[in-house]
Every structure is written in C-alpha cells, then in structure tokens.
Amino acid sequence: MSPQIRQARPEDRAALFSICLLTADGGTDGSALYSDPDYPGLVWSVPYLAFAPEHAFVLEDGDAVLGYVVGAADTRAFERRLDANWWPTLAEKYAGREAATKHDKNVLDRIRAPKHGNASLSERYPAHLHINLLPAAQSGGWGRRMIETELDSLRKAGVEAMHLGLSLTNDRAYGFYKHIGLSEIGRDEAIWMGITL
C-alpha cells in the first residue's frame, strides 16, 4: 500500500504530538530537548487540528501517520482564537510546571504569554503553515505534495498569500522551500518565507 494524503481527523492527535516531537530539532528527533513529549505539539501542530481542521492534512501509510501539514487561512484571526480558547486552558493545566530545559521554557513562556507573529508579515502573507515528515517520508516528493495540498486548500478559502518560518540553521528545509517556489521575505530569530497564491 502506498502512502496517501488525507484530511486530518481528531484521532490523529497523538500522531501530531509524536511527529512534532520527532522532528522538533531542525527536522530531526527533538526528544532530548523537552522534558514533556507533548510540549512542541502544543504549539506547532495540535492547535490546528482543533481550530483549523479544514486546513489540516496527514500522510498515512496503512495504519501509520508519517507526516502532517497544518495551517490557518488568516493568521491573526487564528491567533485570536487561540488567545481565547487554547492558551488559557493550557495556562491553567501547566500553572505549576517548571521548565527543565531551555526548550521547555520556550514552550511554557509561550503558553503563559502567547507570542504573536509579525503583524506586517501576516498582513502581506495572511496564511501560514507548518509541515513535518518523519524520515521515512522525507523523500519521494511527499513534502512537495503535502505543501501543494495545503496551498490548494488555502486557495479554495480565498487566501492570496502564505508564509512560514524555519530555523536559521535548517539549510535543508530552506533549499527545499526555495525549490518549490517560496521566497525569503524576512529574517530575525527565524527565517521567514512566503509565496503568493
């Protein structure tokens, strides 16, 4: 059976947590960076399943989920939804939690004081996405197909432009995004890339 891309479902939540952790170190296994394996997924994957499911897709091979792409058509509206309905719940759940690593602190700080994207970037490129694939799916054109699926979903929602961020040291991802048509549109604590739709 060959892998196939499908709409994400609520039962994919555990897979999104797992894949986010296993790709959290610049695309490689970030398990050693976090004391709680759920931390990266709380920020970069699972909220999309809850608050933007129409733009959430997974790559499935038999019973295994090998990757996901998630996004939001309107970044600023999505951030407002998380401010109202996601971060307060997590802030209560993790109220007494102490950070054991620098990466723990980044996540817990974000939960307690939500960080929003650059407003001018979101105005010019209103949509954004996150994609992560396990090593078994990092060849064969699946990354491109996953991105195309997401961009098609965003186009159907009337989106005119999309952006994403990546680590300053993730040269492999930078080359991939350039290859599929994204351009660098900014650089600060991350590299920002965008595409018009």
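Predicted model: local features only at pLDDT ≥ 70, side-chain atom pairs only at ≥ 80, totals over all residues.
## Aromatic pairs

How many aromatic pairs are found in a search of the whole structure? The search finds four. One of them joins Tyr-48 and Phe-78 in a stacked arrangement, with 4.5 Å from centre to centre and 20° between the planes. Tyr-48 belongs to helix H3 (residues 46–51) and Phe-78 to helix H4 (residues 75–85), so this pair ties together parts that are 30 residues apart in sequence. Tyr-48 has a relative accessibility of 4% and therefore counts as buried, since buried means under 20%. Phe-78 is likewise buried, with a relative accessible area of 5%.

Another pair is formed by Phe-176 and Tyr-177, whose ring centres are 5.3 Å apart and whose planes stand at 55°, so the pair is tilted. Phe-176 is partly exposed, with a relative accessible area of 28%, whereas Tyr-177 is buried at 9%. A ring may also meet a charged side chain: Arg-145 lies over the face of Trp-142, at 4.1 Å from the ring centre.

## Two buried histidines

His-128 lies in strand E4 (residues 127–133). Is His-128 buried or exposed? With a relative accessible area of 8%, His-128 is buried. The side chain of His-128 makes a polar contact with the side chain of Tyr-48 at 2.6 Å and another with the side chain of Thr-75 at 2.7 Å. Apart from neighbours within four places in sequence, the residues in contact with His-128 include Val-70, Gly-71, Phe-78, Met-162 and His-163.

His-163 is found in strand E5 (residues 161–166) and is buried, with a relative accessible area of 5%. The side chain of His-163 reaches the backbone oxygen of Tyr-125 at 2.8 Å. When residues up to four places away in sequence are not counted, His-163 touches several residues, among them Thr-75, Leu-121, Tyr-125, His-128, Ile-185 and Trp-192.

In soluble globular proteins, nonpolar side chains tend to be buried together. The largest nonpolar core here has 33 residues, of which Leu-42, Trp-86 and Ile-111 touch the most other members. Two or more residues of this core come from each of helix H1 (13–22), helix H2 (39–44), H3, strand E3 (64–72), H4, helix H5 (87–93) and helix H6 (102–112). Which element gives the most to this core? H1 does, with six residues.

Leaving aside neighbours within four places in sequence, Trp-86 is in contact with Arg-13, Leu-42, Val-46, Pro-47, Phe-51 and Arg-81. A second, separate core has 25 residues, including Val-69, Ala-127, Leu-151 and Ile-195.

Conventions: Residues numbered from 1 in each chain as written. Heavy atoms only, no water. Helix = DSSP H or I, 4+ residues; strand = E, 2+ residues; numbered from the N terminus. Buried < 20%, exposed > 50% of the residue type's maximum accessible area, 1.4 Å probe, protein only. Polar contact = N/O pair within 3.5 Å; in protein donor to acceptor, adjacent residues only side chain to side chain. Contact = heavy atoms within 4.5 Å. Phe/Tyr/Trp six-rings, centres within 6.5 Å; stacked < 30°, edge-to-face > 60°. Lys NZ or Arg CZ within 6 Å of the ring centre and 35° of its normal. Core = buried A, V, L, I, M, F, W, Y, C linked by side-chain atoms within 4.5 Å.
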